[in-house]
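Visitor: Hi, I'm new to this one. Could you walk me through it?
Guide: Happy to, let's look together.

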Amino acid sequence: MLTIGVDVGGTNIKSALIDVGDVNQANTYRILKFASIPTQAKDGADAVVANIIKSIEQFDWRACEKIAVATAGTVDWDSGEIVYATSTIPNYTGTKLSKILSERFGKRVVAVNDAVSALIAEAFLGAGKKSDSVMMFTIGTGLGASYLAQKTLDSESAIDTKLGHYVLHEDGRLCTCGQKGCAEQYVSATALKRYGNENLYQLFHTADISQKKILSDYYKDLSRVITKSAQLYNPSIIVIGGGVIEMAEYWWQNFLKEYKSKCSVPIAPASLGNKAGVLGCVYANIHGVFKNQ
Ligand SMILES: [Zn+2]
């Protein structure tokens, strides 16, 4: 079965033509073609929707049985409407994305949140596929933390835990949410760059003692927020994704030493990289229960 998955981020819209052999076999989801075009987020919702359509039209969409979109913003699971989006994409809030695309292409198009899509991909097709319940942290500009309680896909199953705003340090750094000391201010990629290391590669290779201290504090903070999530949700596995994981070979082993001294829940780096978004929404379209999309 041919499908198209689209992943709408703040900078780029990634899209893929995906062939699914057996819908229940993780190893039969094969990406045949992968493309990326600029989102042009600043130009607002209409421009972004036009680019989503363009990204689908790059492929032979008429030959596809399913089309699915993962997007930034809060997406209502049952209707596929963007119920909240930040100013990154002006006027995106209120966009009935799945309805617009279904009408445009004459077939059902499902839309889900991008972090939820990545979680679904890793839980069913990636690092968490052998586990019953999966907690996923996405370390990027912010710190995303979402949890899939059971391997059923409906409006109840994927939970945005908001643990990025768990207070890790009382009276700590001011967060964009208004609180002080949120985890996001210490363990996001942005937080690491705050130390003047625009190039994270350099930080991971430093011999400088004070820089090494920054990293050891980072591993401690990350371990603490993950341990908290394990206490709250008791997942069978924790998956760590986001841009920083692309450099996992430079820091993962050092982090693991710290983590294992604090928490016994199995942990793994995400395995699908920047393909998780396009794969997860297609998987959701095939297996998910949606009331109105
Ligand atoms: Zn916060």
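Guide: Two terms to start: strands (E, at least two residues) and helices (H or I, at least four) are DSSP runs, numbered from the N terminus, and two strands pair if DSSP finds at least two bridges between them. This is a predicted model, where local features need pLDDT of at least 70, side-chain atom pairs count only at pLDDT 80 or more, and totals for chains, interfaces and linings use all residues. Residues are numbered from 1 along each chain as its sequence is written.

Visitor: Thanks! In what order do the five strands form the sheet?
Guide: The order is 3-2-1-4-7, in an open sheet with mixed pairing.

Visitor: Which strands stand at the edges?
Guide: Strand 3 (29–38) and strand 7 (109–113) do; each has a single partner strand, so one side of each is left without a neighbour in the sheet.

Visitor: In what sense do strand 1 and strand 4 pair?
Guide: Strand 1 (residues 2–8) pairs with strand 4 (residues 66–71) in the parallel sense, over six bridges. Asp7 stands opposite Ala70 in strand 4.

Visitor: New topic: how is the chain divided?
Guide: Into domain 1 (2–118 + 274–287) and domain 2 (130–271); the bounds come from an automatic or database domain assignment. Their C-alpha centres lie 26 Å apart.

Visitor: How many residues of domain 1 are in contact with domain 2?
Guide: Eight, and they meet nine residues of domain 2. Contact means that the C-beta atoms, placed from the backbone, lie within 7 Å.

Visitor: Which elements give two or more residues to that side of domain 1?
Guide: Helix 3 and helix 9.

Notes:
Two residues are in contact if their C-beta atoms, placed from the backbone, lie within 7 Å.
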